[in-house]
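Hi there,

Here is the structure I promised to pass on to you. Have a look at it first, and then read my notes below.

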Amino acid sequence: MHAARGHRILANMRHILAPAALLATLVAAAPASAATPIAGRYVTEDGSGVIQVGPCGATVCGRLVTILKATPGAPKTDVNNSDAALRTRPILGMPILSGFVDKGKDWRGQIYDPRNGKTYKSIVMRDGDGSLTVKGCIAFFCQTQRWTPSR
């Protein structure tokens with residue numbers, strides 16, 4: 001009698017566990033949410049340049065493609081870079097955003113500021129109006145800019 005009772009218990013457990021396993025499989029197979037794509041051309045908040053954002057291999061990057069407001073006497077090369085080998089590279093065409101990957105609600109990578117030669121952690125999100133919210137961060141302190149689509 002004990003064997004028959006054991007089989008009934010196992011059959012009942014299978015009846016209960018099968019739908020639970022199916023539900024767990026469906027939840028695991030559900031696609032993760034993706035951040036809104038950020039590819040495009042954007043004017044920086046201060047209006048000094050246009051950044052072209054797009055794919056760079058497995059990540060997303062952004063380069064300075066147009067200088068809109070040249071500061072008289074400003075260097076035309078990356079003179080503030082801590083890497084001496086990069087100090088002669090032109091500002092125009094320079095990578096500003098690099099290594100950005102989709103983290104679900106936003107994109108995360110690095111942003112380079114040629115004015116001081118420093119690279120910061122960065123978080124970028126595309127807003128409903130097509131502009132980008134661009135954050136440059138040191139630890140938990142972030143500075144935010146809004147880049148507008150270039151027309």
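Leaving aside residues up to four places away in sequence, L86 touches D78 and N81. You will find L86 in the loop between β3 and β4. Is L86 buried, exposed or something in between? Its relative accessibility is 31%, and a residue is called buried under 20% and exposed over 50%, so L86 counts as partly exposed. Please keep in mind that this is a predicted model, so every value here is computed from that prediction.

Now zoom out to the whole chain. The protein has 1 helix and 8 strands. Reading from the N terminus, the order is α-β-β-β-β-β-β-β-β. Of the 151 residues in the protein, 28% are buried. If you take the contacts with a separation of 6 or more, 36% of them link residues 24 or more positions apart. The accessible surface comes to about 10100 Å², and carbon and sulfur atoms account for 62% of that.

Strand β4 (residues 95-102) and β5 run antiparallel and are joined by 4 bridges. Within this pair, V101 stands opposite R108 in β5. The two strands form a hairpin with 4 residues between them, and G104 in that turn has a positive phi of about 100 degrees.

The largest pocket has a volume of about 980 Å³. It is lined by 40 residues, and those closest to its centre are D46, S48, D113, P114 and R115. Which strands supply at least two residues each to this lining? They are β2 (49-56), β3 (59-67), β5 (107-113), β7 (132-138) and β8 (141-149). By type, the lining divides into 21 nonpolar, 11 polar and 8 charged residues.

Happy exploring, and write back with any questions!

Definitions and conventions
Residues are numbered from 1 along each chain as its sequence is written. This is a predicted model: local features need pLDDT of at least 70, side-chain atom pairs count only at pLDDT 80 or more; totals for chains, interfaces and linings use all residues. Side-chain values use heavy atoms; hydrogens and water are left out. On a 1 Å grid over the protein atoms alone, a cavity is a set of points where a 1.4 Å probe fits but cannot get out, and a pocket is an open set with protein on both sides within 12 Å along at least five of seven lines; lining residues have an atom within 4 Å of a point. Grid points are joined across faces, edges and corners, and a volume is the space filled by probe spheres set on the points. Ala, Val, Leu, Ile, Met, Phe, Trp, Tyr, Cys and Pro count as nonpolar, Asp, Glu, Lys and Arg as charged, and the others, Gly among them, as polar. Buried means under 20% relative accessible area, exposed over 50%, partly exposed in between (1.4 Å probe, protein chains only). Contact means heavy atoms within 4.5 Å. Accessible areas come from the Shrake-Rupley method with a 1.4 Å probe; for residues, only the protein chains shown count as cover. Two strands pair if DSSP finds at least two bridges between them.
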